[in-house]
Amino acid sequence: MNTRALAGAALLTMAAGLGCSARADGPPRIEEDRTACSHCGMLVSERMYAAAYRAPGHEARVFDDIACLGQAARAERDGAALTFWFHDARTREWIDGRRATFVHAPGLNTPMAGGMLAYGDDAAAGEAAADHRGRVIGGLDQLLAESPTAGGS
């Protein structure tokens, strides 16, 4: 192989490595109806209910329902070290879990009957709580302390 080809191969390898490392800090990629929930095994079929977290040095775990995430996160040894992401129920975009506001409404038809939605905006969460006859759960710490289990129990 000539020098130019070796340099090109090295550059491609470095670029691929940079792409992977940058992605390791952000939320995972979800393919609807192909990505399985790390807790219950069901396929993520509705992005607005999907959530994820990552422990330092590990791959992200993806969940089909916020209740599944809650159960799994409470079982982690060092929950304070986890990085969380939720899909904003209004925009369907990933939001930082530490900045999310949650709504719990038992009548919401979520994948595992957890009845929870996440919002990046407090006002939107308040409106959703009123619309769904639910209540606002302040932030992530409160969510993890209070959230119901998957299956609505």
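Colleague: Which residues does D64 touch, not counting residues up to four places away in sequence?

Modeller: This is a predicted model, in which local features need pLDDT of at least 70 and side-chain atom pairs count only at pLDDT 80 or more, while totals for chains, interfaces and linings use all residues. Residues are numbered from 1 along each chain as its sequence is written, and side-chain values use heavy atoms, with hydrogens and water left out.

With residues up to four places away in sequence left aside, D64 touches C37, C40, M42, L43, V44, Y49, A50, P111 and M112; contact means heavy atoms within 4.5 Å. D64 sits in the loop that joins β2 (61-63) to α2 (66-75). Helices (H or I, at least four residues) and strands (E, at least two) are DSSP runs, numbered from the N terminus. D64 is buried, a term that means under 20% relative accessible area, with exposed over 50% and partly exposed in between (1.4 Å probe, protein chains only). A salt bridge is a side-chain nitrogen of Lys or Arg within 4 Å of a carboxyl oxygen of Asp or Glu.

The loop between β5 (101-104) and β6 (116-119) holds G114. The C-alpha atom of G114 is 6.7 Å from that of D65, although 49 residues separate the two along the chain. G114 counts as buried because its relative accessibility is 1%. A113, in the loop between β5 and β6 as well, has a positive phi of about 65° although it is not a glycine. A113 has 38% relative accessibility and therefore counts as partly exposed.

Elsewhere, R133 has a positive phi of about 55° and is likewise not a glycine. R133 belongs to the loop between α3 (122-131) and β7 (135-137), and it is exposed because its relative accessible area is 77%.

In one of them, D141 and R98 meet at 3.5 Å, N to O. This pair links distant parts of the chain, with D141 in helix α4 and R98 in the loop between β4 (94-96) and β5, 43 residues apart. D141 counts as exposed because its relative accessibility is 59%, whereas R98 is partly exposed because its relative accessible area is 43%. R47 forms a salt bridge with E32, with the closest N and O atoms 3.2 Å apart, and R29 forms one with E31 at 3.3 Å between the closest N and O atoms.

For the chain as a whole, the secondary structure comes to four helices and seven strands, in the pattern α-β-β-α-β-β-β-β-α-β-α along the sequence. Of its 153 residues, 39% count as buried. Among contacts between residues at least 6 apart in sequence, 57% join residues at least 24 apart.

Definitions and conventions. Lys and Arg count as positive and Asp and Glu as negative; His and the chain ends are not counted.
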